[in-house]
Amino acid sequence: MIAYRAMDMMFATKIRAAGEAAQVGTREVRTPQRLRDMLDAPGDDRATGLFVDLETGPEAIELIEAARSHDAPPTIIAFGSHVDTQTLDAARDAGADEVLPRSAFAARLVELLEAHGRVEQ
C-alpha cells in the first residue's frame with residue numbers, strides 16, 4: 001500500500017486512479033502520526049511506500065523525516081517543481097530515497113506504484 005500526500009486534488013485523484021489501475025492500494029496521509037500508524041499497520045494495510053508532494057511545504061519534510069525514522073521505513077519518493085532545487089535538496093537531505101521533478105513522477109507513476117506498493121489480491 002502506498003501512503004501519499006499531494007497538494008492539489010487533481011494530483012491526488014491521479015495517484016488514486018493510477019493505484020486502482022495498477023491494483024495497488026493508496027491512502028492519503030496528512031500527519032506524521034497518521035503515517036506512523038500506517039507504517040505500524042498489519043499486513044496489506046501497512047504502507048510500504050510514501051509519495052510526497054513537496055509543494056505541501058514544511059509538512060512534506062516532516063512526513064519524510066517521520067518515515068525515515070521509523071523502524072521499518074517505507075520507500076520514500078518525493079516530487080516537486082524542477083526549478084525549486086532548494087526544496088528538492090531538502091527532501092534528499094531529509095531522507096527521501098528518490099526525488100523527482102513533478103513531470104518525471106507523473107510519467108513514472110504506475111511504475112513507481114507497482115515497484116513500491118503491495119499488489120492487492
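Visitor: Which residues of E3 lie on one side and which on the other, and are they buried or exposed?

Guide: Please note that this is a predicted model. In a regular strand, side chains alternate between the two faces of the sheet. In E3, Gly49, Phe51 and Asp53 lie on one side, Leu50 and Val52 lie on the other, and all are buried. Since 5 of the 5 residues of strand E3 (residues 49–53) are buried, the strand is largely enclosed by the rest of the structure.

Visitor: Which strands do bridges join to E3?

Guide: Strand E1 (residues 2–5) runs parallel to E3 and is joined to it by 4 bridges; Ala3, for example, has Leu50 as its bridge partner. Strand E4 (residues 75–80) is also parallel to E3, with 5 bridges between them. There, Asp53 has Phe79 as its bridge partner. Between E3 and E4 the chain passes through helix H3 (residues 58–69), in a right-handed β-α-β crossover.

Visitor: How many aromatic pairs are found in the whole structure, and how is such a pair read?

Guide: A pair of aromatic rings is described by the distance of the centres and the angle of the planes. The search finds 4 aromatic pairs. For Phe51 and Phe105, the ring centres are 5.3 Å apart and the planes stand at 85°, so this pair is edge-to-face. Because Phe51 belongs to strand E3 and Phe105 to helix H5 (residues 102–107), the pair ties together parts 54 residues apart in sequence. Both Phe51 and Phe105 are buried.

Visitor: Which residues form the aromatic cluster?

Guide: Phe11, Phe51, Phe79 and Phe105 form one cluster. Over the face of Phe11 lies Arg102, at 4.8 Å from the ring centre.

Note on methods
Residues are numbered from 1 along each chain as its sequence is written. This is a predicted model: local features need pLDDT of at least 70, side-chain atom pairs count only at pLDDT 80 or more; totals for chains, interfaces and linings use all residues. Side-chain values use heavy atoms; hydrogens and water are left out. Buried means under 20% relative accessible area, exposed over 50%, partly exposed in between (1.4 Å probe, protein chains only). Helices (H or I, at least four residues) and strands (E, at least two) are DSSP runs, numbered from the N terminus. Two strands pair if DSSP finds at least two bridges between them. A crossover is right-handed if, with the strands pointing away from the viewer, the path from the first strand over the helix to the second runs clockwise. Rings of Phe, Tyr and Trp (its six-membered ring) pair if their centres lie within 6.5 Å; planes under 30 degrees apart count as stacked, over 60 as edge-to-face and the rest as tilted. A charge sits over a ring if NZ of Lys or CZ of Arg is within 6 Å of the ring centre and within 35 degrees of the ring normal.
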